[in-house]
Amino acid sequence: MGGVERKLPNRNTQLCVVMQSSHDEEDEGPTRAKRGKPEVVQNGLLRPVKLSRGDLYKPPTADELNQLKEAESLFHCSLLKMQMEELLKEVSLSERRKQLIDSFVQSVTEQLQTVPQTSDMELSDLSWLSGGVKVPFVLVPKAAKGKFHMAPPISVTIIGSYPLGTCTKPGISVDLAVTIPADILHPKDALNQRYPRKRAIYLAGLAQHLAASPAIGAMRYSCLHGNRLRPILLLSPPGKDSSSFTLRLHACPPPGFFKPSRFHPQRNNIRTDWYTGLGSSHEPPTPHYNSSVLGDMLPRAHLQFLTAVSSQCAAFAEGVALLKVWLRQRELDQGVGCFSGFLGSMLLAYLLSCHRVSNTMTAYQLLRNSLHFLAFNDLTENGITLAKGPDSTPSLAEFHTAFQVVFVDPSGHLNMCADMTACTYKQVQHEASLSLQFWDDPTVDGFHALLMTPKPMIRTSDHVFQLCELVKLQGCCKKLNLLSELMDHSGNYVLTALPFILSLLQRGLGQRVRLLTHSLTPDPEWPVESDAPKHNAQPPLSFGLLLNPEQAASVLERGPPADSPKAEEFRQLWGSRSELRRFQDGDITEAVVWEGETTCQKRLVPRQLITHLLQLHADIPESCVRYIGGMLDDVIKVGREVCSTGEEESLKVVQSYDDLSRKLWTLEGLPLSITSVQGAHPALRYTQVFPPVPLKLDYSFFDREKLSRSLVPHEVKPCPVYITPVQVICHMEGSGKWPHDRVAIRHIKAAFHISLGELLTQHHHYTLLMLINDTHTDICSCHNWDGFVFRIQVAYHREPQVLRESVSPEGLLIVRDNAEAQALEMATMQRPLLTSTLHGLQQLHPCFGAVCRLAKRWLGAQLFSDDITEDTADLLVASLFLQPAPFTPPGSPQVGFLRFLHLLSSFDWRNNPLVVNLNSQLTAADYTEIKNDFIASRESLPVMFMATPNDKKVSIWTKQAPTVQMLQRVVMVAAESLKILEPLLMDTNQIQDIRVVMRPPLDPYDVLIHLSPKQVPLLSQAVDPPHATFSRGILAGRVANTGGALPVIDFNPVTHYLAELRDAFGDLALFFYDPYGGTVIAVLWKPKAFTPLPFKTSQMVARRVEVSGEEAHTVPNVEAILEDFRVMGQGLVKSVEPRTEKWVV
């Protein structure tokens, strides 16, 4: 193996680890190298040590060899191993933090030992509580038997993750078990909430005692995982360390005080007559109440069990830490019914105890095996237990009858997943399965996808809806007759109704969704001086739908045949919406038909279905359901009569293009045959923000120029409607008759354009509209009433090569790349290929086009269209569908747009290429090659580098733009937009318009050129279109043949004005504009342009002379330039507004 350089195994890797925690860890001091010499200190600074040749090239130790072998066999590369190690360092607690915790725990323990003793009083008598301290419990019903007195706790012990070594950042919580004296409790306190009430009152007594201590900072109440029967007291240290960690006080009964058998899931401990005041012959079981009390009895036993297991496995704590990070990123580790870190620890302990994992495995292997177990084991059907022997403990079958998810603790009595719904566990399963899919994929950055990418519901689920007025769930419980379940949950009607609502929605949605998830109600927190919050005092319940794109938008819900036994069940589910229908195959079945004509309406069919089911079966009115699925559709809507987001219009363009393509293929009479017809317009890949629509012209609006038979815009009328030409590239076959001169080739192409126009006019009744030199032919397909304008451009495959060739004065042939050849190659080869590829992607993912339109509408609105071009934006969106990890491909425009913003704002453009694997053509070796080439040539490559199968090294789509400064601006605005938009969508109290993210901040710009709305032809596409509209020379109704008169094609005065501004003042300023109906051109001066230059008569354009001493310099004449802005845009420019005085004279 030879000598291995000494520093390799021990080098410190600099990783950019993005965590949610604040980077507030204290410096632990320099770490000594394992076999290095002491650092040399000079002038208080550490200096590198010079090692001898023998030290530098010593053979690696056995330990180092094992590390290298492990990295090679277990990871894609050693980088992933180092990333894992750095992450573990990032989330682990520092020694200083541990010392702070130990000191505070010691102080609190001493304070608790001095709790004063009080005399016995009635349980309902709370007069002894003073200082405004309240009991953290909803005392309903108020009546409760029993006596209570205050006394110091028997013992105070640390439990939970901290002593186990699995406590991680952020949100450090340390648990302290305070044992209630046995004489305060009674063996029958398990009945009728007596024990939970005494527990809550004891916590209030502790709060009252601790409130006077200066060693205690803030105090507040909370509930353990949202369980109102298990309130806890939260303590923070005083001073500057108040936010560094939280101490959680749990009041617990003495060990063995209650018999565990009393809390069998089939037993009742809440009497109906006590809870309702009505007698009952049958007492229903109260499994959730029973598990709440059991949970207080077993924390010490659980800690002993986990300590014993972890002592046998060196990587146990690190494995749990990684699993907790994985759960946190998916928002599964907190709230009611969560998959907590405690459950993660118990899961690893189960895998170790049944030998599914080995004690010698690394943290990486423990995490992988844990996810594998979760992905392939359904605890809703086949629960697991840590109990060794049967004893007299309940069976798994008995647990399954009482709970949706079953994972029994080592005692055999407690189901640790008692509060978890089946939907939550299915979500855990889904996430685990998804993680395993991309774990071994070398083309995916597994570390970031697995552990570093947050997955909030709004960015994960295709559609989200919320139940806003939770108090309505009381009526739901009554409608569904859930009194027994309400008693079991101690009056918490939200948690009582939730499983039944989920079951109802699962039945109704059926195959439309792949996954139904719900938010986990966060743990409530409130001051000790306040009463416990009511059950409806919590955020709205949110539900996430992961749609099945093939069936989600179907307007037909076809049921069983009319004579089937299941027909009655179907009618009961759908109520009055169910009706008998006869289908084309002759079947007569029950069916439900939902409203929806256009694609955007059909996407919201699940909304109709959900609101109908909740109203019918749960008495939840539609006004209480806030559906977040199509809130962003308004900004890309087309037409006013029927709501559409452009899918139908794009389809019409594609159909008309297909018709033209077939006719071009069959044309006869051309000197050369056509070898290919390719579309090169965004509308042909369904990504045009506002697709072309057929128009009927109002001839009276125009002047008619008789010589060319053209319709000319009237000088005093508004600018006519913008007519979009759809670009079509027509490749002619190669032949020896093609000339080798660039001018001659253009003449030949011009002849072909004339011939194509004449043949299409003669044989297929197209209208020849325009011929511009040798570049293209415009034709209008008015013969079949679709009225689209196609711009046909003839291409010759060797023309780019001819443009690269030139002859030197010596007669030598020189081949040199140039901008003209590149532009022609992109227009005639690259863009048509991209269009056909993305057209195929649209067929696989129906919402791809809508996501592109939203993304490009945002880019345009924020004035970035010239920096992130249409092709670049489409490729960015394509990457979200082709490599969605850690998500699934977007199933709605909304979620796709949010991920687009996240991609823009979070991708490391400086250090990584964005690989868009179109048609899955790239292999793992290609990815490695692209990455290596990128690293080797980074400084010469575009700042935003995008690689595709046909463009691995150059990034042709981003070669010209954006610049470094503009990319930084795009990243910043995308991050801010995401920061605003996600809360706006999820927060029911937000009253801001969703279009706020489409309104650009204009403060950074130096000059604003306000345009006359009358002369902006695309004004109707603006984010905030004006109420006043202008006639643009079009009529309602079907498209009529123009009779040979030429409408104004591709005429937008704003575009021409912008081109003139950039040509005249491009060296002095940058110009920004929203191409979709913007009425403002924003101008940003280039600072370097205002550097004084030596006086030269040839450089006096837009400059003035300044004389200082004997030297004359020239600087830009800002006043004259602003006047030029007005003059050049006369009739179009309404006003020019200087925003800064920095450059104004």
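What follows is a short exchange about a predicted model.

Colleague: Why is threonine 598 called buried?

Modeller: Its relative accessibility is 6%. Buried means under 20%, so threonine 598 counts as buried. Threonine 598 sits in the loop between β18 (588-593) and α21 (599-602).

Colleague: What does threonine 598 touch, leaving out residues up to four places away in sequence?

Modeller: Val642, Cys643, Ser644 and Glu648. Contact here means heavy atoms within 4.5 Å.

Colleague: Where is valine 528, and how do you know whether valine 528 is buried or exposed?

Modeller: Valine 528 is in the loop between β14 (525-527) and β15 (541-547). Its relative accessibility is 2%. The cut-off for buried is under 20%, so valine 528 is buried.

Colleague: Which residues does valine 528 touch, not counting those up to four places away in sequence?

Modeller: Gly132, Val133, Lys134, Ala207, Met219, Arg220, Tyr221 and Leu233. The C-alpha atoms of valine 528 and alanine 218 are separated by 9.7 Å. Along the chain, valine 528 and alanine 218 are 310 residues apart.

Colleague: What makes a set of residues a nonpolar core, and which members touch the most others in the largest one?

Modeller: The members must be buried, of nonpolar core types such as Leu or Phe, and joined through side-chain atoms within 4.5 Å. The largest core has 163 residues. Leu249, Phe407, Leu451, Leu467 and Leu473 touch the most other members. Apart from that core lies another, of 65 residues, among them Phe881, Met944, Ala974 and Tyr1005.

Colleague: What does leucine 249 touch, not counting residues up to four places away in sequence?

Modeller: Its contacts include Val108, Leu112, Leu176, Val178 and Ile232.

Colleague: What makes serine 490 and serine 955 worth a mention?

Modeller: Their phi angles. Most residues other than glycine have a negative phi. Serine 490 is not a glycine, yet its phi is positive, about 55 degrees. Serine 955 has a positive phi too, near 60 degrees.

Colleague: Where do serine 490 and serine 955 lie?

Modeller: Serine 490 is in the loop between α18 (483-488) and α19 (493-509). Serine 955 is in the loop between β31 (946-947) and α31 (964-986). At 14% relative accessibility, serine 490 falls under the 20% limit, so it counts as buried. Serine 955 has 0%, so it counts as buried as well.

Colleague: Which peptide bonds are cis?

Modeller: Among them is the bond from valine 140 to proline 141, with omega near -5 degrees. Another joins lysine 169 and proline 170, where omega is about -10 degrees. Most peptide bonds are trans. Proline 141 lies in the loop between β3 (121-122) and β4 (147-148). Proline 170 lies in the loop between α5 (161-164) and β6 (173-179).

Colleague: How do you know that the length of helix α23 agrees with its number of residues?

Modeller: Helix α23 (residues 647-665) has 19 residues. At 1.5 Å a residue, α23 should span 27 Å. Its end C-alpha atoms are 27 Å apart, so the two agree. Buried residues of α23 include Val653, Val654, Tyr657, Leu660 and Leu664.

Colleague: Which residues does UniProt list for "domain: Nrap protein"?

Modeller: The unreviewed entry lists several ranges, including 174-311 and 845-999. Over residues 174-311 the chain is 33% helix and 17% strand. Over residues 845-999 the chain is 50% helix and 3% strand. The end C-alpha atoms are 21 Å apart for 174-311 and 29 Å apart for 845-999.

Definitions and conventions
Residues numbered from 1 in each chain as written. Predicted model: local features only at pLDDT ≥ 70, side-chain atom pairs only at ≥ 80, totals over all residues. Heavy atoms only, no water. Helix = DSSP H or I, 4+ residues; strand = E, 2+ residues; numbered from the N terminus. Buried < 20%, exposed > 50% of the residue type's maximum accessible area, 1.4 Å probe, protein only. Expected span 1.5 Å × (residues − 1). UniProt positions renumbered as here; feature names shortened; annotations may be inferred.
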